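Open the model in your viewer and keep the selection tool ready. The tour goes stop by stop.

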Amino acid sequence: MVSYLFYYQLALCVLMWLFIMLHVTWSKPGLPTPPVPAQPKRPRSKAPKAFEGLTTKPHCALCERGTAPLTPPCPVPPDPMPPTHRRPRTVDTSRHFCPHTACDYRGWLGLNNLRANGHPSGGPWRQFHCTACDGYFPEHHGTIFHGKEAAVELMVRVLACLAEGLGIRATARVFEVDPNTVLHWLVEAAEQLRAFSAYFLCNLHLEQLQLDELYAVLRDLKAGEIKNDEAIRRLERSPYWVWTAMDPKSKLLVVVDVGCRTLAMAQRVVPQVTQVLAPGCVPLFLTDGLKDYGTALLTHFGHWMQPKRRQDKGPSPKPRWLPLPALLYAQVVKSYRRRRLVGGTHRVVFGTQLAIEQVLAACGWTINTAFVERLNLDIRQRVAAIGRRVNTLCQGEAGVRDQLALFHVYHNFVLSHASLRQPLLVPEATNGRGSAKVWRPCAPAMAVGLTDHAWTLKEVLFYRVPPWPQVQTV
Ligand SMILES: [Zn+2]
């Protein structure tokens with residue numbers, strides 16, 4: 001009798017033979033394939049490719065339309081008037097200028113041509129006399145108070161209320177004034193304040209600028225109860241985006257404008273930034289992921305470069321439009337899921353990461369747009385038409401522009417910023433039993449050296465803006 005162990009061993013041998021045979025037949029194909037030479041793997045560089053430049057300068061409608069300088073050339077100031085032997089005047093006329101168009105001294109400060117008179121007919125306003133043209137003008141000439149019956153305090157309080165973010169109708173109710181009157185005062189003040197900003201914001205030396213744009217909800221969109229992301233999608237091409245450029249160090253709001261979220265608008269904002277900066281000043285730019293900023297910055301901070309020849313023969317390569325070597329620009333690209341921020345990456349567009357980090361390291365920062373986003377909150381709080389979940393919505397572009405002109409000056413010159421406060425050398429005693437004051441409040445305009453004190457809104461509204469920049473007399 002054969003043991004069943006024998007059958008097991010036999011079955012195992014058969015199986016092994018089968019496996020060996022199968023292996024031999026499969027590994028021997030009809031034609032032997034030549035061994036494939038192992039190709040060296042091309043090392044894939046993770047470093048971003050250097051920007052090679054453009055063969056044509058990007059189109060900018062603003063630059064092409066106005067090749068002449070936007071502001072008319074400044075006239076030559078006349079010589080100061082010789083001092084007289086009359087009794088020295090005590091009234092300060094250094095902030096006043098002659099407004100008469102036929103006068104050579106028109107628009108010039110501090111040329112000793114003004115004499116302060118009394119108050120004609122016992123009125124509230126002092127009269128000035130220009131000794132050059134023998135003309136007279138009141139001290140509030142060219143401000144919103146000129147020709148108004150209303151009390152100065154009332155007008156200042158109404159505008160301060162608007163600057164703090166109360167709507168036009170609410171302000172009208174608080175002061176028991178007609179809403180149309182409030183609107184009228186705002187429109188007039190906005191014109192004066194735009195001139196004020198343009199006069200003071202010039203020749204700035206800034207190291208960094210953060211740019212951003214925020215949307216303003218329109219009345220019809222709000223009425224339809226459209227969700228946030230739907231509104232953003234619709235608003236993408238609508239004119240109601242508020243574009244801002246600010247210096248994160250001094251918190252100075254450099255440019256504020258309203259327009260679509262398009263390349264044309266980016267091309268309108270960036271030249272405004274270049275106009276405000278001192279000649280040759282190229283700050284570090286930080287923005288969100290909108291690619292149009294890159295094109296606009298390249299247009300206005302670029303130059304032509306002739307690339308070197310790579311071959312001896314053939315035509316020489318075309319000149320390339322390249323960013324200025326000093327231009328540093330990085331983007332913070334955020335990713336959202338279900339309207340929630342889920343992550344963000346940094347993208348260096350012009351310059352090197354090291355150079356950008358060196359600029360930011362001086363302040364202890366990394367690449368960010370946090371400061372301009374914080375400013376957006378201020379705008380939403382202080383510009384009633386742009387606030388979220390409010391009933392005061394922008395009726396039109398002009399209305400938003402007027403409110404933003406008020407915010408622009410109020411933020412830069414009036415509001416002091418907690419992070420900018422300066423320690424007082426000698427603590428100032430306060431009234432009563434309160435502790436002494438040890439900090440001096442500082443407004444953004446003070447931090448960049450545009451002014452030496454924080455202004456009050458009344459002071460701003462009383463300021464007669466000269467029609468052209470003044471010659472610095474040291
Ligand atoms: Zn005059």
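Where is Lys-251 found? Select Lys-251: it sits in the loop between β5 (241-246) and β6 (253-259). Helices (H or I, at least four residues) and strands (E, at least two) are DSSP runs, numbered from the N terminus.

Before going on, note that this is a predicted model, in which local features need pLDDT of at least 70, side-chain atom pairs count only at pLDDT 80 or more, and totals for chains, interfaces and linings use all residues. Residues are numbered from 1 along each chain as its sequence is written, and side-chain values use heavy atoms, leaving out hydrogens and water.

**Stop 1: Lys-251**

Lys-251 is buried and has no salt bridge. Buried means under 20% relative accessible area, exposed over 50%, and partly exposed in between (1.4 Å probe, protein chains only). A salt bridge is a side-chain nitrogen of Lys or Arg within 4 Å of a carboxyl oxygen of Asp or Glu. For charge, Lys and Arg count as positive and Asp and Glu as negative, while His and the chain ends are not counted. Then show the backbone oxygen of Pro-248, which the side chain of Lys-251 reaches at 2.8 Å.

**Stop 2: aromatic pairs**

How many aromatic pairs does the structure hold? There are 22 aromatic pairs. Rings of Phe, Tyr and Trp (its six-membered ring) pair if their centres lie within 6.5 Å; planes under 30 degrees apart count as stacked, over 60 as edge-to-face and the rest as tilted.

Select Tyr-199 and Tyr-463, a tilted pair with 6.4 Å centre to centre and 40 degrees between the planes. Tyr-199 lies in helix α5 (residues 179-200) and Tyr-463 in the segment after α14 (457-462), so the pair ties together parts that are 264 residues apart in sequence. Both Tyr-199 and Tyr-463 are buried.

Next select Trp-304 and Trp-321, an edge-to-face pair at 5.2 Å centre to centre, with 75 degrees between the planes. Trp-304 belongs to strand β8 (residues 302-305) and Trp-321 to strand β9 (residues 320-323). Trp-304 is partly exposed at 42% relative accessibility, whereas Trp-321 is buried at 6%.

**Stop 3: Ser-121**

Finish at Ser-121, in the loop between β1 (114-116) and β2 (127-130). Ser-121 has a positive phi of about 55 degrees although it is not a glycine. Most residues other than glycine have a negative phi. Is Ser-121 buried or exposed? At 83% relative accessibility, Ser-121 counts as exposed.

Technical notes. Polar contact = N/O pair within 3.5 Å; in protein donor to acceptor, adjacent residues only side chain to side chain.
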